[in-house]
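Q: Hi! Could you walk me through this one before I start working with it?

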Amino acid sequence: MKTLTTLLLAAALFAAVGCGKTPPPAAPAPAPAPAASTAAKEKDPVCGMDVAANAPLSMKEGAKTYHFCSQGCLDKFKADPKKYAK
Ligand SMILES: [Zn+2]
């Protein structure tokens with residue numbers, strides 16, 4: 001029965017060592033994903049891109065206000081609004 005005693009002793013020792021181990025540091029919580037923007041979207045009539053309705057680049061043409069992704073698109077629209085306005 002010496003083998004069993006040795007085995008139990010080894011097991012007890014192992015368990016004791018195991019208990020003394022410091023647990024691995026918890027993984028840092030992932031940063032919360034930014035909330036999906038609920039801002040209204042408008043289509044850039046020149047390039048067809050989605051632009052926030054509160055974007056600074058906009059132009060009133062008739063009854064509608066058009067929004068643009070860039071100054072370049074705004075300039076194109078200004079040059080020929082009839083071509084892009086729908
Ligand atoms: Zn554009």
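A: Happy to; we can go from the overall picture down to single residues.

Q: Great. What kind of model is it, and what is the mean pLDDT of the protein chain?

A: It's a predicted model. The mean pLDDT of the protein chain is 83, and 80% of its residues reach 70 or more.

Q: Where is confidence lowest, and where is it highest?

A: Helix α1, residues 2-20, has the lowest confidence in the protein chain, with a mean of 70. The highest is in α2, at 96.

Q: Noted. How many helices and strands are there?

A: Three helices and four strands in the protein chain. Starting at the N terminus, the order is α-β-β-β-β-α-α.

Q: How do β3 and β4 pair?

A: Strand β3 (residues 58-61) and strand β4 (residues 64-67) run antiparallel, with four bridges between them. Ser58 sits opposite His67 in β4, and Lys60 has Thr65 as its bridge partner there.

Q: And what about Gly62 in that hairpin?

A: The hairpin leaves two residues between the strands, and Gly62 adopts a positive phi near 70°.

Q: Switching topic: how much of the protein chain counts as buried?

A: Of its 86 residues, 9% count as buried.

Q: Which residues make up the largest nonpolar core, then?

A: There are five: Val51, Tyr66, Phe68, Cys73 and Phe77. In general, nonpolar side chains of soluble globular proteins tend to be buried together.

Q: What does Phe77 touch?

A: Leaving out residues up to four places away in sequence, Phe77 touches Pro45, Val46, Met59, Tyr66, Phe68 and Tyr84. Two of those contacts, Tyr66 and Phe68, belong to the core with Phe77.

Q: Now Lys78. Where is it, and is it buried or exposed?

A: Lys78 is in helix α2, residues 71-79. It counts as exposed because it has 12 C-beta neighbours inside 10 Å, and the cut-off for exposed is 12 or fewer.

Q: How far apart are Lys78 and Glu61?

A: Their C-alpha atoms are 9.4 Å apart in space, while the two residues are 17 apart in sequence.

Q: Last one: where does Leu57 lie, and what does it touch?

A: Leu57 is in the loop between β2 (50-52) and β3. Not counting residues up to four places away in sequence, Leu57 touches His67, Phe68, Ser70, Gln71 and Leu74.

Q: Why is Leu57 classed as partly exposed?

A: Because 17 other C-beta atoms lie within 10 Å of its own, and buried would take 20 or more.

Definitions and conventions:
Residues are numbered from 1 along each chain as its sequence is written. Two strands pair if DSSP finds at least two bridges between them. pLDDT is the predictor's confidence in each residue, from 0 to 100. A nonpolar core is a set of buried Ala, Val, Leu, Ile, Met, Phe, Trp, Tyr and Cys residues joined through C-beta atoms within 7 Å. Two residues are in contact if their C-beta atoms, placed from the backbone, lie within 7 Å.
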